[in-house]
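Q: Could you take a close look at the salt bridges here and walk me through them? I'd like one connected account, with the setting of each pair.

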Protein chains: 2
Amino acid sequence: MVFLFVFSNFVPNMKTVLIGAGNIATVLGHALYNAKHDIVQVYSHTMAAAILLAKKLNATPTNSLDTITNNADLYIIAVKDSVLDAVISKLCINRTDKLFVHTAGSVSIDVFCGRAKRYGVLYPMQTFSKTRIIDFQNIPIFIEADSNSTLQTITNVAQSVSNNVCQLSSADRRYLHLAAVWACNYTNFCYNMAAETLQKVGLSFDIMLPLIDETARKVHYLSPQEAQTGPAIRYDKNIIEAQMKLMNYDKSAQQLYQLMAENIHKRNKK
Amino acid sequence: MVFLFVFSNFVPNMKTVLIGAGNIATVLGHALYNAKHDIVQVYSHTMAAAILLAKKLNATPTNSLDTITNNADLYIIAVKDSVLDAVISKLCINRTDKLFVHTAGSVSIDVFCGRAKRYGVLYPMQTFSKTRIIDFQNIPIFIEADSNSTLQTITNVAQSVSNNVCQLSSADRRYLHLAAVWACNYTNFCYNMAAETLQKVGLSFDIMLPLIDETARKVHYLSPQEAQTGPAIRYDKNIIEAQMKLMNYDKSAQQLYQLMAENIHKRNKK
């Protein structure tokens, strides 16, 4: 991983087409717009979604890849991983002088090979929801490019919205994205399990917030291994069995609870 | 759950014996000490631990339950759940006029039945590590007592260290504690899995912190169900399978990953 510092405030305004109007496209689109880039067009396969985002970014909406303008410098592809390959294949044709980047944590830069000349990856590692526009400045952005000159351009764009830009290879980014799934998606699912548990006795999820906040704060100072507390790390069989019983209403969640306890215990023995 | 408000600032100084010198005893002991309660004695089965904490709280250390003083008002039992019953059994004999509370999330108030006359529970729901003395004021404390008069005393003690004191029955507290295991212990284990994953490619855990912080902040505004993002909620099989492969080095963690993905997906279909 290479942290990138550019000692220049000069960030040329980029005429940008945003392919996608989902969570990442929405939040990144706002950040680019606020950094004075010119978002010329927003594509979504759903016209309503394209219109909604385009309106906010002062851009033209479209739901057809055939109507994407050639009059832009940068094409940011922020669509579902499952359609990324098909979109790139269609988009790059006859636009070989343009710069293309995708924003997917798990997709290699090689997806552009043989399809574009100037390309790269701009992966903002954060959890995005359309309804929550967050400050981009501290979000780590991991970038990669086909060449040094493209890298410089992508660095400029990334640094115009974030103070935390790093270069990372596709191979290493796969691990980074897996780590992000654990630290964010699976963590949030643990919150969800807490919420479901509290519902059983009519308690509000809000009472968990001080605990959730401190759990997150704690790993700023201690490693997660050092910060681990609770019945599983002590391997307190009485509590573990009693809590398993409480979860009788959901066998699959019960199985998950047990596997978590075993994995925590196993690491403590090491 | 009943939130307790007492419109009086009068909190009589309690002569307190602290049974235990682990994580909860250490942090709660400091909070009580700072709230001007008189910690007269600290017990731990390890003399070194008793001395270490007693010194900080200006108390006398002991590693023998036989030498616990009778000259106190309140006996706070903050020991491992597995030894709680044995400690209570020994401690309460010949001290029937004293007030006893335990701090265990999962243990019923009934553990005192037939052993003490004035007793209760004072469960501070937080993750405590000895090395991290945290501000107690916002920590929710869940209390329970044998009678209204005991409840008033325990309320006074709890409110002298926290602004967030609620009455909760033992039956409901079991669910609360299970929810806390999910929201804290299992969440922290997800952080740990992220750390292990990053180690594989030599990346620092610190790069996860903005993501971890935002994941925690998000559920202040959205329910965990609404906040869920990532490959599992989209049930993106390509990514899920590729990430499973990356985890080939740890079959048990791989199984956990898969079960998490299935549980997230299942809830999304509902």
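A: Let's start with the tally: there are 15 salt bridges over all chains, where a salt bridge is a side-chain nitrogen of Lys or Arg within 4 Å of a carboxyl oxygen of Asp or Glu. Bear in mind that this is a predicted model, so local features need pLDDT of at least 70 and side-chain atom pairs count only at pLDDT 80 or more, while totals for chains, interfaces and linings use all residues. Residues are numbered from 1 along each chain as its sequence is written, chains are lettered from A and ligands numbered from 1 in the order in which they are written, and side-chain values use heavy atoms, with hydrogens and water left out.

Take A:R217 and A:E214 to begin with. Their closest N and O atoms sit 3.4 Å apart, making a salt bridge. Both belong to helix α6 (residues 209–218) of chain A, and being 3 residues apart there puts about one helical turn between them. Helices here are DSSP runs of H or I with at least four residues, strands are runs of E with at least two, and both are numbered from the N terminus. As for cover, A:E214 is buried at a relative accessible area of 2%, whereas A:R217 is partly exposed at 42%. Those labels work like this: buried is under 20% relative accessible area, exposed is over 50%, and partly exposed is in between, using a 1.4 Å probe and protein chains only.

Over in chain B, B:E214 and B:R217 also meet through their side chains, with 3.4 Å from N to O. They lie in helix α6 (residues 209–218) of chain B, 3 residues apart, or about one turn of the helix. B:E214 counts as buried, with 2% relative accessibility, and B:R217 is partly exposed at 42%.

Now for a pair that reaches across the sequence. B:D85 and B:R115 form a salt bridge whose closest N and O atoms are 3.2 Å apart. B:D85 is in helix α3 (residues 81–92) of chain B, while B:R115 is in the loop between β6 (99–102) and β7 (118–124), so the pair ties together parts that are 30 residues apart in sequence. Both ends are partly exposed: B:D85 has 41% relative accessibility and B:R115 has 26%.

There's also a network of salt bridges to look at, and it links A:E196 and A:D250 with B:K266 and B:R267.

UniProt, in an unreviewed entry, puts the feature "domain: DUF2520" at residues 139–263 of chain A; its positions are given in the numbering used here, feature names are shortened, and annotations may be inferred rather than shown by experiment. Over residues 139–263 the chain is 68% helix and 6% strand, with the end C-alpha atoms 30 Å apart.

Stepping back to chain A as a whole, you'll find 10 helices and 9 strands. Its C-alpha trace spans about 65 × 40 × 35 Å along the principal axes, and 59% of its 270 residues count as buried. Of the contacts (heavy atoms within 4.5 Å) between chain A residues at least 6 apart in sequence, 55% join residues at least 24 apart.
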